[in-house]
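Trainee: Could we go through this model together, feature by feature, with the general idea stated before the particular case?

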Amino acid sequence: MAQASQEFGEWPLKRLMTEIVGSGPKSADDMTHAQAREAFQRILAGEPDETTLGAFWLANRWKRNTPEELAAYTDVMREESVVTAEPEVDPVDCGANYDGKHSSAVLGVGAGLVAAAAGTPVVVHSGDRVPTQKATAYKHVLDELGVRTELEPTESADMVDETGFGFYYQPAFNPGILDLYERRDQMGVRTFVNTIETVANPANADVHLGSFYHLAFAKKMSDLIEASDQLEFSRAIFFQGMEGYDDIRPGYTKVAEWDEGNEALEDYEIETAEYGMEMENEDLEVDDVTADSASITEAVLAGERDDEFADAIALNGAFRMYARQDVDSLEEGLETARDVIADGSAEAVLEALRDY
């Protein structure tokens, strides 16, 4: 992490506010790559006044960050804060919105365990009640399932190699972002930190699976990856997940695929009805997101549920296999997902995680 005594360039945040980004959403200018790098270096070092930092975050939100600015922020985060630990296998990196879900079940734990049972290693990462929603994320569902989550990065990497599924805990692998928690909490709105933390990639995975609210944001994220010097993803898939999380929604889901070297972002739709799944968003809503997500995951993996939740977990597991190109189609992945649930392999991965 950066130190407060380090030397910076000529662009403290107050000057950036006055001369570049702070004149309002219509007249503000974009920063150069160097300016954005210096800004985040200063932020991680704890150098800006708290008022100036809040104003800078809000100005970035108003004017909307460019992919180049986001790439600069990401690179500084990766260089100065992120502690990586690579498993021997190359997993799919699942970086859902860290501030979590508040009304629908978190399906990614079950989906990741299904994919792992099928031979597709999966990494998930999250913090603990991250602003602004402070809602249920991966950590909380895993805690409820009796899986140890407060791991050092090397332990997380070993977990992937031993079980096929691994959890990386943000306070352990990204301490510089953790240090910003109180300031982010006081903002009351999301900042660009909510965006870049999802691509921290603590396992140095080759494939990223993320989510978006609008297709234009998927394009921005793929451009971020291309512009970054630190991210080495060769493939990324973004989709319009439930509550912005990495869960395919019932009905219609927009998907965007990016592959290194391809100029165009490919987009298409997934219709759950095409896979014989008749469900609506309301069918996946729960009363207690943490407790219900865990109990639903257990029941599905044990073969005790044959309902919308079972379909959704199987489909999302198939999508993780497809993202890593371990299957040629979602249909193939869905058949495999149902097989590993039926034969007990997916439940065995959960038990291995509990024993880790």
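Trainee: Which residue does Cys 94 stand opposite in strand 2?

Mentor: Strands are DSSP runs of E with at least two residues, helices are runs of H or I with at least four residues, and both are numbered from the N terminus; two strands pair if DSSP finds at least two bridges between them. In this predicted model, where local features need pLDDT of at least 70, side-chain atom pairs count only at pLDDT 80 or more, and totals for chains, interfaces and linings use all residues, Cys 94 stands opposite Val 124 in strand 2. Strand 1 (residues 92-94) pairs with strand 2 (residues 122-126) in the parallel sense, over three bridges. Residues are numbered from 1 along each chain as its sequence is written, and side-chain values use heavy atoms, with hydrogens and water left out.

Trainee: What is the order of the strands in the open sheet?

Mentor: The seven strands run in the order 3-2-1-4-5-6-7, with mixed pairing. Strand 3 (165-169) and strand 7 (266-271) are at the edges, and because each has a single partner strand, one side of each is left without a neighbour in the sheet.

Trainee: Where is Asp 99 found, and is Asp 99 buried or exposed?

Mentor: Buried means under 20% relative accessible area and exposed over 50%, with partly exposed in between (1.4 Å probe, protein chains only). Asp 99 belongs to the loop between strand 1 and helix 5 (108-117), and its relative accessibility of 1% counts as buried. With contact meaning heavy atoms within 4.5 Å, and neighbours within four places in sequence left aside, the residues that Asp 99 touches include Thr 132, Lys 134, Arg 190 and Asn 194.

Trainee: How many aromatic pairs does a search of the whole structure find?

Mentor: Rings of Phe, Tyr and Trp (its six-membered ring) pair if their centres lie within 6.5 Å, and planes under 30 degrees apart count as stacked, over 60 as edge-to-face and the rest as tilted. The search finds nine such pairs. One of them joins Phe 40 and Tyr 73, whose ring centres are 5.7 Å apart with planes at 55°, so the pair is tilted. Since Phe 40 lies in helix 2 (residues 33-44) and Tyr 73 in helix 4 (residues 67-80), the pair ties together parts that are 33 residues apart in sequence. Phe 40 is buried, at a relative accessible area of 0%, and Tyr 73 is likewise buried, at 0%. Ring pairs link Phe 40 and Tyr 73 with Phe 56 and Phe 192 into a cluster.
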